[in-house]
Amino acid sequence: MNSYLAGFLLGLLIIAAYYISGEGLGSSGGYRDCVIATIHDVAPSYAEKNSFIAPRLQAGHSPSHTFLVYLLLGVIFGSIISAVLYGRLKWSIGKAPHITNKKRLYLALIGGILWGIGTQLGRGCTSGLVLSGMAVNSLSGYIGLVGIFGAGFVFAYIFKSIWIKTSKNKK
Amino acid sequence: MGPLFPQGLINEEYNLIFAFLIGIGFGYLLEAAGFTNTRKLAGVFYGYDATVIKVFFTAAVTALIGLFILHNMGWIDITLTFYPKTFWIPTLIGAVIMGLGFVIGGFCPGTSLSAASTGKIDALVFIGGVILGIAGFIFTYDFLWKELRMSGAMGKVDIAQWLGIREGLFIFLFTMLALASFYVFQLWQDSWQRKLSEEDKNELGL
């Protein structure tokens with residue numbers, strides 16, 4: 001799909017989400033609610049003492065009644081529909097050709113862990129913190145934008161060998 | 001007048017059904033835009049693929065202008081939404097950690113779910129990492145993160161007010177910035193044309 005059209009439609013979805021539910025599109029919040037519910041199920045007394053979990057339990061944040069969790073379920077279906085239509089539904093590992101599968105999976109794991117920590121510290125991810133924050137002119141969205149992409153460009157320079165074949169890692 | 005759910009104009013079941021439908025649209029667009037391809041996402045940082053900038057800033061500008069109009073027409077009251085509060089210190093530090101995670105892991109939480117749904121094994125592993133990271137954060141929260149996470153509290157801050165300019169002017173300036181970035185990133189992408197192999201171009205859909 002044309003990038004500008006995809007962006008325009010995505011923008012309309014954000015407006016719809018704010019209009020209907022009063023929430024933006026977020027991803028990390030749904031993950032968080034599932035993790036919290038799991039911890040609460042496994043170790044309820046610990047969960048009630050943990051000051052990150054406790055206020056969220058009192059607020060009645062069950063994943064089965066959470067906007068962001070249903071949003072994520074929708075994302076799974078929507079992605080599959082699009083992948084089927086474009087003929088892209090198949091098992092594979094995405095990476096630059098000069099990187100081994102094993103290395104790619106280790107890097108994906110480390111990257112994921114960093115996102116897990118960063119989203120909870122920073123209060124959201126690219127969609128919930130930045131995109132949805134920017135949509136309502138929130139300062140925190142722009143701080144997230146500058147932080148993620150600003151740091152991204154610096155780290156991309158340092159870790160260039162992950163994505164770009166250079167003379168150093170040609171062999 | 002919106003937002004509907006916070007004012008009790010629709011019940012919770014409808015809200016969750018809409019969440020699911022909006023999610024389907026969100027997932028469809030992420031996949032259709034090519035965001036399940038980790039190389040396309042990483043391309044924004046090296047300039048060989050401008051897709052992320054185009055999709056992301058077009059979405060931001062569309063939502064920004066749309067909500068600005070709806071708010072000023074009195075069709076939605078932004079103050080009744082879950083308007084994010086600003087805690088500038090943890091958000092800035094968290095964002096830098098996320099930037100590092102983006103370059104190393106090649107996804108963000110939303111795009112990884114979309115990619116994993118379409119069979120990308122690296123995205124599945126990435127999601128495993130996200131869950132581990134969140135769990136690790138929660139388990140160490142009370143003695144490691146709590147103070148930092150609550151620092152730099154500023155309340156609900158509108159960036160235009162913070163800068164001391166009118167909302168409309170800010171949106172105009174941001175739109176100009178987005179248009180300029182489309183032009184610059186397109187030039188950067190074009191400069192890669194000779195350096196990319198035909199295989200690369202096929203895979204990236206360039």
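Visitor: How are residues and chains numbered or lettered here, and what does a predicted model need for local features?
Guide: Residues are numbered from 1 along each chain as its sequence is written, and chains are lettered from A, with ligands numbered from 1, in the order in which they are written. In this predicted model local features need pLDDT of at least 70, side-chain atom pairs count only at pLDDT 80 or more, and totals for chains, interfaces and linings use all residues.

Visitor: OK, how many helices and strands does chain A have?
Guide: Chain A has eight helices and zero strands, where helices (H or I, at least four residues) and strands (E, at least two) are DSSP runs numbered from the N terminus.

Visitor: And what box do the C-alpha atoms of chain A fill?
Guide: Taken along the principal axes, the box is roughly 55 × 40 × 35 Å.

Visitor: Which domains does chain A have?
Guide: The assignment gives domain 1 (1-90) and domain 2 (94-171), with bounds that come from an automatic or database domain assignment. The C-alpha centres of these two domains of chain A lie 20 Å apart.

Visitor: Switching to both chains, how many residues of chain B are in contact with chain A?
Guide: There are 111 residues of chain B in contact with 106 residues of chain A. Helix H1 (residues 12-32) of chain B provides the largest share of the chain B side, 18 residues. That side of chain B divides into 71 nonpolar, 29 polar and eleven charged residues, where Ala, Val, Leu, Ile, Met, Phe, Trp, Tyr, Cys and Pro count as nonpolar, Asp, Glu, Lys and Arg as charged, and the others, Gly among them, as polar.

Visitor: At what angle do H5(A) and H5(B) cross?
Guide: The axes of helix H5 (residues 67-85) of chain A and H5(B) cross at roughly 50° and come within 8 Å; axes are lines fitted to C-alpha atoms, for helices over the stretch in contact, and angles run from 0 to 180 degrees between N-to-C directions. That makes H5(A) oblique to H5(B), since angles under 35 degrees count as roughly parallel, over 145 as roughly antiparallel, 65 to 115 as roughly perpendicular and the rest as oblique.

Visitor: Which residues meet there?
Guide: A:Leu72, A:Val75, A:Ile76, A:Ser79 and A:Ile80 in H5(A) meet B:Gly110, B:Leu113, B:Ser114 and B:Ser117 in H5(B). By class, this contact of H5(A) with H5(B) has five nonpolar, four polar and no charged residues.

Visitor: What about B:Thr111, is that buried or exposed?
Guide: B:Thr111 counts as buried because 31 C-beta neighbours are inside 10 Å, and B:Thr111 is found in helix H5 (residues 109-117) of chain B.

Visitor: What does B:Thr111 touch?
Guide: Not counting residues up to four places away in sequence, B:Thr111 touches B:Leu30, B:Phe35, B:Thr36 and B:Leu41. B:Asn37 is 74 residues from B:Thr111 in sequence, while their C-alpha atoms are 8.9 Å apart in space.

Technical notes. Two residues are in contact if their C-beta atoms, placed from the backbone, lie within 7 Å. A residue is buried if 20 or more other C-beta atoms lie within 10 Å of its own, exposed if 12 or fewer, and partly exposed in between; C-beta atoms are placed from the backbone.
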